[in-house]
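Here is a quick tour of one structure, written for someone who likes to have the residue numbers at hand. Have the viewer open as you read.

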Amino acid sequence: MQIRDKLYIDGAWVPSTGGGTIDVTHSTTEEVMGRIPEGTPADVDKAVAAAKAAFPQWAATSREERGKYLQRITEGLGARMQEIATTIAGEVGMPLNLSMMIQAGLPTMTFGSMAQICDSFPFEEQVGSSLVVREPVGVVGAITPWNYPLHQIAAKVAPALAAGCTVVLKPSEVAPLNAFILAEIIDEIGLPAGVFNLVTGVGPVVGEAIASHPDVDMVSFTGSTRAGRRVSELASQTVKRVALELGGKSPNVILDDADLQQAVTDGIGKCYLNSGQTCSALTRMIVPRSKLAEVEAIAVKAAEAYTPGDPFGGDARLGPLVSATQRERVRGYIQTGIDEGAKLLTGGTEAPEGLDTGYFVRPTVFSDVTTKMTIAQEEIFGPVLAILPYDTEEEAVAIANDSIYGLAGGVWSGDPERAKRVARQLRTGQVEVNGGSFNPLAPFGGFKQSGNGRELGKFGLEEYLEVKSLQL
Ligand code: NAD
């Protein structure tokens, strides 16, 4: 049981001004695994005041100095990777080996890469008679989700610190324990007081207090499109900068000359990663109608190899979902798929055999899905794949783009040039070509209602900078 009874504000662990607490539930045992303070708007006021006071000095530090702090955070995270991986496997349910690589590995890498990017970033450039300088935007409010909790935090905190901004972080109340580990590391390495602050609590209280606070210059939000809209509305009152990383319903276009075995098997994996609780999951597999039967057979075999089970058990490829709410939501979508006439190939609404405890959902595949169906349009956030057939390449692209979202996508073809040509036609922020792997230095973010702005690499750093022109 991890009891955290203090917030981290102005370089010190302090109690919340309120007396409330929030329980954190283990997604496999369904038992309470931790408890955190339920922060208040008054806590946000204190944290923002600390961040505002710390800003001028932090903004004036050299890039070398900021880089050194980032490097020390990287080392601190590296030393506690096992603990981070275990904590998040408990909170979120990702199998432990994957959690080690992704949930603990990725944030460590992001802090490390930001130290290097900060070192070489062109903060100044001459444009004719002007000197264009890039300065930190100010106090940043960071609001993050539960699915890759520490990665999402790192994708905001690392570039914000690198830019010279100060930060107030509100992590997800569903998976917040990992954020305390980061705060402990930041405290231990002696980051100046007020540069980083942690206020836990629920979105409508702490999140909204951050989004509407007059002394927060920028809010960077990752989460659902619904909450993102609310954050934008509140932020507009003080015209703060808003960066949004929202939901997705990403298409995976398999062209008729692709290696079907490879493309479909990889596609199942890209849909089921983290039990489908991945914003960029490739949840719509768009396939040639002439090859539908072959695709279905490969998909079923690949899906059924994703044995659900205890994330700490060793051989499970699919952990539980994060919460009972999420499990019920996903099962509801599976029922809707059946009701609307999609063909259920494998999976379904029942709990997987022998797994009555834990928020498990069967790996599910639907075929004969049409763009009008709910399961083709709404983000499910569970291990549910929709296969949509097409007749021509143009139709495949049209189906892919028939979405309010535009976060990620995939294209498969035996001809890499053809794949790239189709990839350029997808209205999404990232496209994997023939299974091209995730690049933590490439920009990540969405077109359309998947958000505004980009995270990671130098593009992520730019988000936290104001551009000033000195006319000489
Ligand atoms: P969520 O929107 O419920 O919560 C995200 C964060 O926002 C949490 O910290 C929550 O407390 C806070 N929040 C909720 N309501 C708020 C409000 N009214 N004002 C301010 N803050 C509020 O999302 P979630 O369930 O934690 O995460 C899942 C969603 O996040 C999915 O839609 C997923 O696609 C999206 N996501 C997107 C990305 C991306 O990079 N595009 C990455 C991960 C997750």
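This is a predicted model: local features need pLDDT of at least 70, side-chain atom pairs count only at pLDDT 80 or more; totals for chains, interfaces and linings use all residues.

Let's start with strand S8, which covers residues 139-143. Five of its five residues are buried, so S8 is largely enclosed by the rest of the structure. Which way do the side chains go? Val139, Gly141 and Ile143 point one way, while Val140 and Ala142 point the other way. Residues on both sides are buried.

S8 has strand partners to look at. One is S9 (residues 166-170), paired with S8 in the parallel sense over five bridges. If you want a spot to check, Ile143 sits opposite Lys170 of S9. Another partner is S11 (residues 218-222), again parallel, with four bridges to S8. Here Ala142 has Ser220 as its bridge partner. There is also a helix in the story: S8, H5 (residues 149-163) and S9 together form a right-handed β-α-β unit.

## Helix H3

Helix H3 takes in residues 81-92, 12 residues in total. From first C-alpha to last it reaches 16 Å, close to the 16 Å expected at 1.5 Å a residue. H3 is mostly covered, with nine of its 12 residues buried. Among the buried ones are Met81, Ile84, Ala85, Thr87 and Ile88, and the list also includes Ala89, Gly90, Glu91 and Val92 at the end of the helix.

Just past H3 comes Gly93, which takes a positive phi of about 105°. The side chain of Glu83 meets that of Arg80 in a salt bridge, 2.9 Å from N to O. Arg80 has 17% relative accessibility, so it falls under the 20% cut-off and counts as buried.

## A surface patch and a buried alanine

Which residues make the nonpolar surface patch of about 300 Å²? Met1, Ile3 and Val32 do. Val32 belongs to strand S5 (residues 32-37) and is partly exposed, with a relative accessible area of 37%.

For a contrast, go to Ala179 in helix H6 (residues 177-188). Is Ala179 buried or exposed? Its relative accessible area is 0%, so Ala179 is buried. Ala179 and Val137 are 42 residues apart in sequence, and their C-alpha atoms are 23 Å apart in space.

## Salt bridges

Searching the whole structure turns up 25 salt bridges. One of them links the side chains of Asp5 and Lys6, at 3.8 Å from N to O. Asp5 is exposed, with a relative accessible area of 52%, whereas Lys6 is partly exposed at 32%.

Another joins the side chains of Arg327 and Glu328, at 3.0 Å from N to O. Arg327 counts as buried at 14% relative accessibility, while Glu328, at 42%, counts as partly exposed. Elsewhere, salt bridges with shared partners tie Asp256, Asp257, Glu393, Arg418 and Arg421 into one network.

Conventions
Residues are numbered from 1 along each chain as its sequence is written. Side-chain values use heavy atoms; hydrogens and water are left out. Buried means under 20% relative accessible area, exposed over 50%, partly exposed in between (1.4 Å probe, protein chains only). Helices (H or I, at least four residues) and strands (E, at least two) are DSSP runs, numbered from the N terminus. Two strands pair if DSSP finds at least two bridges between them. A crossover is right-handed if, with the strands pointing away from the viewer, the path from the first strand over the helix to the second runs clockwise. The expected span of a helix is 1.5 Å times one less than its number of residues. Patches are made of residues with over 30% relative accessible area and no salt bridge: like charges are joined within 9 Å, nonpolar side chains (Val, Leu, Ile, Met, Phe, Trp, Tyr) within 5 Å. Accessible areas come from the Shrake-Rupley method with a 1.4 Å probe; for residues, only the protein chains shown count as cover. A salt bridge is a side-chain nitrogen of Lys or Arg within 4 Å of a carboxyl oxygen of Asp or Glu.
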